[in-house]
Each structure stands twice: as C-alpha cells, then as structure tokens.
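Hi,

Here is the structure I promised to pass along.

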Amino acid sequence: MKKIYFKIFSTCCFLFFSCALSLGEGGREAADSLFLAGNYYPAAVEYERAAFLSLNNSTRTFALLKKSECFLQMGNYADAEKITGRIIYTDLSDTLIAKARYQNALCAYLSGNFANAENHLLQMNSFIKDSSLTKNSLPLYALVLNELQRWPEAKEKILQSINLSEINSAEKDSLRKKINELYVSKNYPHLKNLLKAQKMSAFLPGLGQLYAGYFWEGAASAFLNTASLGLMIYLVYPPMQLYFTSATVGTAVFSKFYLGGSNRLEYLVGKKNYKLLRGYNNDLKNAIVKIENEK
C-alpha cells in the first residue's frame, strides 16, 4: 500500500514540476514578445508569472530583472527599485550578480535613492574581483557620487573607467584632460548654510534672504519688519500714547513678519542649494554621458 502511495506522490510531483517548467518557459517567451512590442505592463505580468514558476534562483533573477526593465521603460523608477530589491543573491554566478547589482543601483539612482544606489555599487565592486564585470558600472558610480556631493571620489571613478577602456592612449589623455577640467574644486557649488542664514536674519531681518541670493525678498522682509517696529513706536509717542495697543497689535505684527521671514528662510536656502546642485551635477552628467559615447 505504501508503494502505491509513493508512486502516486512521485507522479504528482513529476507532473507539477513538468507543468511549472512548461508554463515558465512559455511565460518568458510570451513576456519577451510583449516587451519587444512595447506592451510593458502585460510583459511585466508575464515576467512575474515566470519568476513565480521558476525552479531555480537564476531563472527567477532573470525574470525579475526583465520585469524591472518593464517598469523602467514605463518611467516608474520607484517600483522598478522595489522589484530588484526582491532579488536573492545566493547561488548566482558573478556575471548575474554584477548584472543584478547594476540594475538595482540604476533603479535606485533614477528614483533618487542615491545612498541605496551607492550601497549596491559598493558591494558589486567589493565582492566581484573580475574588473571586466564591474568596469561598466563606474560611470554610474560617478553619477551617484556626484549626487552625494562627493565630487573628488566621483572624479576618481570616471578616471578609473577611462583607464580600463580599450581606446588608445592619446584618446585616454584627451578624456582625462576633460575630466580634470570639470572637477576643479573652485567650480564645486558653494552651498548656502542654513544656520548662518538664520543667524544673519535674526541679527538683521532680511539679511539672511540676501545671503541666500534673494535680494527682493530680503528687501521686502527688512521693510516690513522696520514698518511694524515703526508702528509700535508711533503708537507709544504723543499724541497717540496707546501703550496697550502698541504692546499687543504692534508686537503681534512685528512677530508675524519676523518669525515668518525666518521660517521662509529654510525654504529659500533649500531652493537655492537645489538649483546650485542641479546646475552643476547636470553639467557633469551631460559631460560623463558624452565621454562614455566617445569611448
């Protein structure tokens, strides 16, 4: 009796795994066709099915990478990053690990999660010793470090990428010269210090806005604070002599402008620093892409 049960069990297992293998292969083919046709969402569903039915981690990883590519094509970088985050890095070849780490870092970079992008690139370059598998990640590494405001390290990564490229020495020298011209310390963005701006504004209302680069906002803040202070003094002196009104209304108006200007300073400094960083890092990104195309 036990032998019969064992045979039935074995037959069921065989049929299940055969069916799963067949559906998995068929699902990947259907997903590839949909992807090539530009039907990215249906393709993502098929890749998810293929990942679920896969019988080993490598096949599952391939399916998840393709699914994340679908979301990248749709411009949904945050979900693409979540999908690559499901990859399990055990029992994978170095080639597949490098591919998965790169894809994970790219998704994190595009979704603005620069620390996570650096984490994946760091692990890739630390644990994979074959530089032929990691050298293509160096330009992305440089872009991530630019966003983290670590420009000297970014320069080293892009120079390393040039050194590992297969172009001739004259072309390498030309590219190195361009990089050295780009990454000059005097060109780094001089970001505004919020604490310094707040101290300046506390000392003299409007001065912090001027320091942050907003002249008219600073002038308006200085005028409004001076006017409210003048109102308080006007109400105290004869013939008005409205001491209580001066102490309540005048103080309320002055506090509103004084504290309001200080609170807005945080937004203005953040806005100014964002513009400075975006301007410099976008120029670096365009230059790195151009250099990569020249290699």
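Contact here means heavy atoms within 4.5 Å. Before going further, a caution: this is a predicted model, where local features need pLDDT of at least 70 and side-chain atom pairs count only at pLDDT 80 or more, while totals for chains, interfaces and linings use all residues. Residues are numbered from 1 along each chain as its sequence is written, and side-chain values use heavy atoms, with hydrogens and water left out.

Trp 151 also belongs to the largest nonpolar core, which has 50 residues; Trp 151, Leu 121, Ile 179 and Tyr 183 are the ones that touch the most other members. Helix α5 (residues 94-110) gives this core its largest share, eight residues. There is also a second, separate core of seven residues, with Ala 197, Ala 212, Leu 268 and Val 269 among them. By nonpolar core I mean a set of buried Ala, Val, Leu, Ile, Met, Phe, Trp, Tyr and Cys residues joined through side-chain atoms within 4.5 Å. Buried is under 20% relative accessible area, exposed is over 50%, and partly exposed is in between (1.4 Å probe, protein chains only). As general background, nonpolar side chains in soluble globular proteins tend to be buried together.

Now the overall layout. The protein has 14 helices and zero strands. Both are DSSP runs numbered from the N terminus: helices are H or I with at least four residues, strands are E with at least two. Of the 295 residues, 35% are buried. Among contacts between residues at least 6 apart in sequence, 56% join residues at least 24 apart.

On to charges. How many salt bridges does the structure hold? There are ten, counting a side-chain nitrogen of Lys or Arg within 4 Å of a carboxyl oxygen of Asp or Glu.

- Glu 46 and Arg 49 meet at 3.3 Å, N to O. They sit three residues apart in helix α2 (residues 40-53), so about one helical turn separates them. Glu 46 is buried at 16% relative accessible area, whereas Arg 49 is partly exposed at 42%.
- Arg 86 and Glu 48 pair up at 3.0 Å, N to O. This pair links distant parts of the chain, with Arg 86 in the loop between α4 and α5 and Glu 48 in helix α2, 38 residues apart. Arg 86 is partly exposed at 33%, and Glu 48 is partly exposed at 25%. Glu 48 and Arg 86 are also linked with Lys 67 in a network of salt bridges.
- Arg 264 and Glu 217 meet at 2.7 Å, N to O. Arg 264 lies in helix α14 (residues 243-294) and Glu 217 in helix α13 (residues 215-236), so the pair ties together parts that are 47 residues apart in sequence. Arg 264 is partly exposed at 37%, as is Glu 217 at 28%.

Then there is Glu 81, in helix α4 (residues 77-84). Glu 81 is buried yet has no salt bridge, and the nearest side chain of opposite charge, Lys 82, is 8.6 Å away. For charge, Lys and Arg count as positive and Asp and Glu as negative; His and the chain ends are not counted. What does the side chain of Glu 81 make a polar contact with? The partner is the side chain of Ser 111, at 2.8 Å. A polar contact is a pair of N or O atoms within 3.5 Å; within protein, one must be able to donate a hydrogen and the other to accept it, and residues adjacent in sequence count only if both atoms are side-chain atoms. Setting aside neighbours within four places in sequence, Glu 81 is in contact with Asn 104, Cys 107, Ala 108, Ser 111, Asn 113 and Asn 116.

Since Cys 107 came up, a word on cysteines. Cys 107 is buried at 0% relative accessible area, and Cys 70 is buried at 0% too. The disulfide count is zero, taking a disulfide as a pair of cysteine sulfur atoms within 2.5 Å.

Last one: Phe 223, in helix α13, is exposed at 59% relative accessible area. Phe 223 and Gly 206 are 17 residues apart in sequence and 8.4 Å apart in space, C-alpha to C-alpha.

Cheers
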